[in-house]
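Here's a quick briefing on a protein model. Have a look at the fold first, and then we'll go through a few of its details.

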Amino acid sequence: MVSTPVSELEAGKRIVANVYTDKGNLLFQKGRVLLPKDLEVLQAFMIDYVELQGVAGDSEKTASEQNGKTSATQNIEAGRNVPSRREQSFIEEYEQLVALIKTGFPSVLAMEMPIFQWRAQLEKLIDQIQGYRILGFTPRMPDKHDYVYHHAVLCALTSYMLARWLDIPQKNWIQVALAGLLHDIGKVKIPPNILHKPDQLGPEEKAEMNNHTTYGYQILKNATALQEGVLLAALQHHERVDGSGYPFGSTGEKLHIYAKIVAVADIFHAMTLDRRYQGSTSPYLVLEQLEQDSFGKLDPAIVRTLIKHTTQLSLGTRVKLSNRKMGEIVYADAHQPTRPIVSINGEIINLIQERKLFILEVL
């Protein structure tokens, strides 16, 4: 093991000891083969020395590894974001479920709800969930009126992931996903002129829109194979921990865990999906807004879990900043994960310091 000044480092070297920032956050794990951008990150954090492998021939080995990694990086930088087979399978199952929901939701008032058919397709989609990136997946939605169906499926997926991360018993994961899928089903009773109105709703219209929570509960009461938590998610997903929500102003201890999970997923996808009357918002800004709302309105444990698990997967991800420049996430501080360090053509941008900039889009 050789202690080497950062000023003398070359790309392709392997570090054999963890590298930490002056605040004690892990910057690079031991065993990492340094890329050119990593050298810039080390300098940006004013790291003086790193420990390298002191075995002859190591530089040739790591240089070879570096060449392979560089080729992969160049493919990404060249814009060759071709979906993998796993992502293609996910998209196919996703679009199939959206089509089923689009056909089935408007019919629930006239015929029996096809819960088992929806659940079967939802399970097929979940089998491909490794192709789902919460911060990076943007569905094809040529008709903005289909927002409600895409929103339902996305909330099902994110609610399912949250249930897994929150250590909800595995036997209940699919029920949490169904809670996300069906939470807005009461909107089938809202008149289209209110549901799709492009302008701000009037007081009476808003009151009718708010009724979708109770409508949804009433509709789901007649369905089979659903846990009570699924019904309560439809009823309570607009309630807030501090009692400021609707329809009853219930407080945190009275809210079902499924409803708390779906509430977070509902807000996230409502703000990040492109709607006919409202454009999409950066998922990173939405996470920051959710974090603010977790102080009183949303369950803080659920919000923290969403932020932790979605942002820790983002190292190496290509992003577009609010100044329209594209770069790659190279480091995320554990205490401010929505404001990572981004490398743009060799320039290191620390979004913790550059508060006016933010990640506009995950590529």
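Strands S7 (residues 341-344) and S8 run antiparallel to each other and share four bridges; two strands count as paired if DSSP finds at least two bridges between them. Within that pairing, Ser343 has Ile348 of S8 as its bridge partner. Keep in mind that this is a predicted model: local features need pLDDT of at least 70, side-chain atom pairs count only at pLDDT 80 or more, and totals for chains, interfaces and linings use all residues. Residues are numbered from 1 along each chain as its sequence is written, and side-chain values use heavy atoms, with hydrogens and water left out.

**The sheet around S7 and S8**
- Both strands belong to an open sheet of five strands, ordered S8-S7-S6-S5-S9 with antiparallel pairing.
- S8 (347-350) and S9 (359-362) are the edge strands; each has a single partner strand, so one side of each has no neighbour in the sheet.
- From one strand to the next, the twist averages 40 degrees (axes are lines fitted to C-alpha atoms, for helices over the stretch in contact, and angles run from 0 to 180 degrees between N-to-C directions).
- As background, strands of a sheet pair through backbone hydrogen bonds, either parallel or antiparallel.

- Asn345 sits in the loop between S7 and S8, and its phi is positive at about 50 degrees although it isn't a glycine.
- Asn345 counts as exposed, at 80% relative accessibility (exposed means over 50% relative accessible area, buried under 20%, partly exposed in between, with a 1.4 Å probe and protein chains only).
- Arg324 is another non-glycine with a positive phi, about 75 degrees; its spot is the loop between S5 (318-321) and S6 (326-331).
- Arg324 is exposed too, with a relative accessible area of 58%.
- Tyr246 and Pro247 are joined by a cis peptide bond, with omega about 15 degrees.
- Pro247 is in the loop between helix H10 (228-236) and helix H11 (257-272).

**The whole chain**
- The protein has 13 helices and nine strands (DSSP runs numbered from the N terminus: H or I of at least four residues for helices, E of at least two for strands).
- Of its 363 residues, 49% count as buried.
- Among contacts with a separation of 6 or more, 64% come from residues 24 or more positions apart (a contact means heavy atoms within 4.5 Å).
- The protein exposes about 18,200 Å², and carbon and sulfur atoms supply 48% of that (areas come from the Shrake-Rupley method with a 1.4 Å probe; for residues, only the protein chains shown count as cover).
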